[in-house]
Amino acid sequence: MGQFFEEIPPSQISWIKQQKVFWVATAPLVEDGHVNVSPKGYEQTFHIVDSQRVWYEDLSGGGAETIAHLRENGRITILFVAFEGPPKLVRLFGKGTVHEFGTPEYEEFVPIEKRLAGSRATIVIDVHKVGTSCGFSIPFFDYRCERMKHLTMCAKMELKDIAREASCSNIPEVQPKPKGQGLKHFWESNNLKSIDGLPALESAHSSEVGFIREEWEGGREKDDESIGRKRKAEKKEEVAKAVVKGENGRDDRMVIGFILGLLVSTVVVGLRRALEARGMVVT
């Protein structure tokens, strides 16, 4: 049965910290506005301050629905799902606040030298209700590894911003600096409004705070797509072998026949002894 609490129970805090993914749900106030649900990944992006306050590092994306909705009404729900171990769902209901990249509030949570590539804001949630429920219908999933593609893409865009700033260092202040194709340009092009027209990012794209990224060690070889394809092929091979043989190399049909024979023999012997105990002759 579902339960509700006014704060995060201590028994759930350690479990939440172990999760590799969570979902964020927000919505605008207008009736025909678009409700948004965003999946979030990468370890060490979600943090628990105490039983009534959490925050996460918000990474860049093609939209900024969560930020826009929070600016309008602050409502937010975070969902955690158990994909291994006992089934469980945990929802955190609260009011969220946005702190954009380049602001002192942002750097209180994420120092510039520790931010992930693509980090555009911190979302701080004051939790006023916590709900737990069964999650019996959720299947099991095995965690493989993080996808590196997002970090790689954003790091490359940040390097373009760094190169642009270096090339513009000699331009007089009275002259406008040319726009580049870096991450800040991406924010300006994609993250200023929601799909319903609500304002989203306000200052990150024009912030004078620069990125710190001398090089990027990521690459496609660290992306789990190739691992996933290899695992899929291995799984098909395992299934094909399992049709004929069991995990220990024995023929499944022989094992099943042996077990059935043993069961039948046990039943026959039991019946024989029961009849003999009643004085009935069994031949």
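1. Helix H2 (residues 65-72) has six of its eight residues buried, so it is largely enclosed by the rest of the structure. The buried residues of H2 are Glu65, Thr66, Ile67, Ala68, His69 and Leu70. Buried means under 20% relative accessible area, exposed over 50%, and partly exposed in between, with a 1.4 Å probe and protein chains only. Helices (H or I, at least four residues) and strands (E, at least two) are DSSP runs, numbered from the N terminus.

2. The model is predicted; local features need pLDDT of at least 70, side-chain atom pairs count only at pLDDT 80 or more, and totals for chains, interfaces and linings use all residues. Residues are numbered from 1 along each chain as its sequence is written, and side-chain values use heavy atoms, with hydrogens and water left out.

3. Around H2, the buried residues pack against strands E2 (22-26), E3 (36-40), E5 (53-59), E6 (75-81), E7 (89-100) and E8. Contact here means heavy atoms within 4.5 Å. Just after H2, Gly74 has a positive phi of about 80°.

4. The largest nonpolar core has 47 residues, of which Ile16, Phe46, Ile78, Phe80 and Leu92 touch the most other members. Strand E8 gives the largest share of this core, six residues. Such a core is a set of buried Ala, Val, Leu, Ile, Met, Phe, Trp, Tyr and Cys residues joined through side-chain atoms within 4.5 Å. Leaving aside residues up to four places away in sequence, Phe80 touches Trp15, Ile16, Gln19, Val21, Phe22, Phe46, Lys88, Leu89, Val90 and Leu92.

5. In helix H5 (residues 183-190), the buried residues are Leu183, Lys184 and Trp187. They fall within an arc of 105° seen down the axis of H5, so they line one face of the helix; the arc is that of the directions from the helix axis to the C-beta atoms. Their cover includes strand E8 (119-133) and helix H4 (149-167).

6. On the surface, Ile259, Leu260 and Leu263 form a nonpolar patch with about 290 Å² of accessible area together. Patch residues have over 30% relative accessible area and no salt bridge, with nonpolar side chains (Val, Leu, Ile, Met, Phe, Trp, Tyr) joined within 5 Å and like charges within 9 Å. A salt bridge is a side-chain nitrogen of Lys or Arg within 4 Å of a carboxyl oxygen of Asp or Glu. Ile259 is in helix H7 (residues 252-277) and, at 44% relative accessibility, counts as partly exposed.

7. Overall, the protein has seven helices and eight strands, and 35% of its 283 residues count as buried.

Technical notes
Areas by Shrake-Rupley, 256 points an atom, 1.4 Å probe, with all protein chains shown as cover.
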